[in-house]
Amino acid sequence: MTQLESPSEVSGSTAKGRIAGLLGHSAVRFLAAGVTSTTVDMGLLYVLHGVLDLPLAPSTFVAVLAGFTTNFLLNRIWAFDSSSPVGKQTARYLVMAGGNWVGTVLLVGGLVKLGLFYLLARAVALVVLSVVNYFGYKYWVFRDE
């Protein structure tokens, strides 16, 4: 380290510093929040229905709600570090969720009509809507005002 370099400049040039910088980016945290919330959703569904043998419909409802809540909180607190009023953000998040549902149905249906295998169409829709969600969350849902 020279006299002109700060410790942060030196650490940013190391592999460890680059990894820390990457993990600090909101897009990476957004993806991690998505993976985590999906794991909560599917894991809870497995426990409630597969292990405890509770009925599928209420198990699915509780699991989706838990995943949905996990996703909202991780994105609000961790990925986008927002401190704006939670009520307005919740309403915007619900609008985005509705848009995602409609967008998914339209994209998958349209891509299948164009000849794409339905699971591949769903994967394409997931990627496209993840990009839309990232920017929607960053600049609208979790934007600090």
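User: What is the relative accessible area of Thr 60?

Analyst: This is a predicted model, in which local features need pLDDT of at least 70 and side-chain atom pairs count only at pLDDT 80 or more, whereas totals for chains, interfaces and linings use all residues. Residues are numbered from 1 along each chain as its sequence is written, and side-chain values use heavy atoms, with hydrogens and water left out. Thr 60 is placed in helix α4; helices (H or I, at least four residues) and strands (E, at least two) are DSSP runs numbered from the N terminus. Buried means under 20% relative accessible area, exposed over 50% and partly exposed in between (1.4 Å probe, protein chains only), so Thr 60 is partly exposed, at 29%.

User: How far apart are the C-alpha atoms of Thr 60 and Met 42?

Analyst: Along the chain, Thr 60 and Met 42 are 18 residues apart.

User: Of the contacts in the chain between residues at least 6 apart in sequence, what percentage join residues at least 24 apart?

Analyst: Of the 145 residues of the chain, 26% count as buried. A contact means heavy atoms within 4.5 Å. Among contacts between residues at least 6 apart in sequence, the share that joins residues at least 24 apart is 59%.

User: Which helices do the buried residues of α4 pack against?

Analyst: The buried residues in α4 are Ser 59, Ala 63, Gly 67, Thr 70, Asn 71, Phe 72, Asn 75, Arg 76 and Ala 79. After α4 comes Asp 81, with a positive phi near 45°. The buried residues of α4 pack against α3, α5 and α6.

User: Which residues does Thr 36 touch, not counting residues up to four places away in sequence?

Analyst: Thr 36 is placed in helix α3 and counts as partly exposed, at 35% relative accessibility. Its C-alpha atom is 7.8 Å from that of Thr 70, although Thr 36 and Thr 70 are 34 residues apart in sequence. With residues up to four places away left out, Thr 36 touches Thr 70 and Leu 74.

User: How far apart are the end C-alpha atoms of α6?

Analyst: A straight helix with the 24 residues of α6 would reach 34 Å at 1.5 Å a residue. The end C-alpha atoms of α6 fall short of this, being only 30 Å apart.

User: What covers the buried residues of α6?

Analyst: The buried residues in α6 are Ala 121, Ala 125, Leu 129, Asn 133, Tyr 134, Gly 136, Tyr 137 and Val 141. What covers them includes α3 (26-51), α4 and α5 (86-113).

User: At what angle do α3 and α6 pack?

Analyst: Ser 26, Ala 27 and Phe 30 in α3 meet Ser 130, Asn 133, Tyr 134, Tyr 137 and Lys 138 in α6. The residues of this contact divide into 4 nonpolar, 3 polar and 1 charged, where Ala, Val, Leu, Ile, Met, Phe, Trp, Tyr, Cys and Pro count as nonpolar, Asp, Glu, Lys and Arg as charged, and the others, Gly among them, as polar. Axes are lines fitted to C-alpha atoms, for helices over the stretch in contact, and angles run from 0 to 180 degrees between N-to-C directions. The axes of α3 and α6 are 11 Å apart, and the packing angle is about 115°.

User: How many aromatic pairs does a search of the whole structure find?

Analyst: Rings of Phe, Tyr and Trp (its six-membered ring) pair if their centres lie within 6.5 Å; planes under 30 degrees apart count as stacked, over 60 as edge-to-face and the rest as tilted. The number of aromatic pairs found in the whole structure is 15.

User: How many residues apart are Phe 72 and Phe 142?

Analyst: Phe 72 and Phe 142 form a tilted aromatic pair, 5.5 Å centre to centre with 50° between the planes. Phe 72 and Phe 142 are both buried. The pair links distant parts of the chain, with Phe 72 in helix α4 (residues 56-79) and Phe 142 in the segment after α6 (118-141), and the separation is 70 residues.

User: Why is the pair of Tyr 134 and Phe 135 edge-to-face?

Analyst: Tyr 134 is buried, with a relative accessible area of 9%, whereas Phe 135 is partly exposed, at 42%. Their ring centres are 5.1 Å apart, and the pair is edge-to-face because the planes stand at 80°.

How values were computed: Expected span 1.5 Å × (residues − 1).
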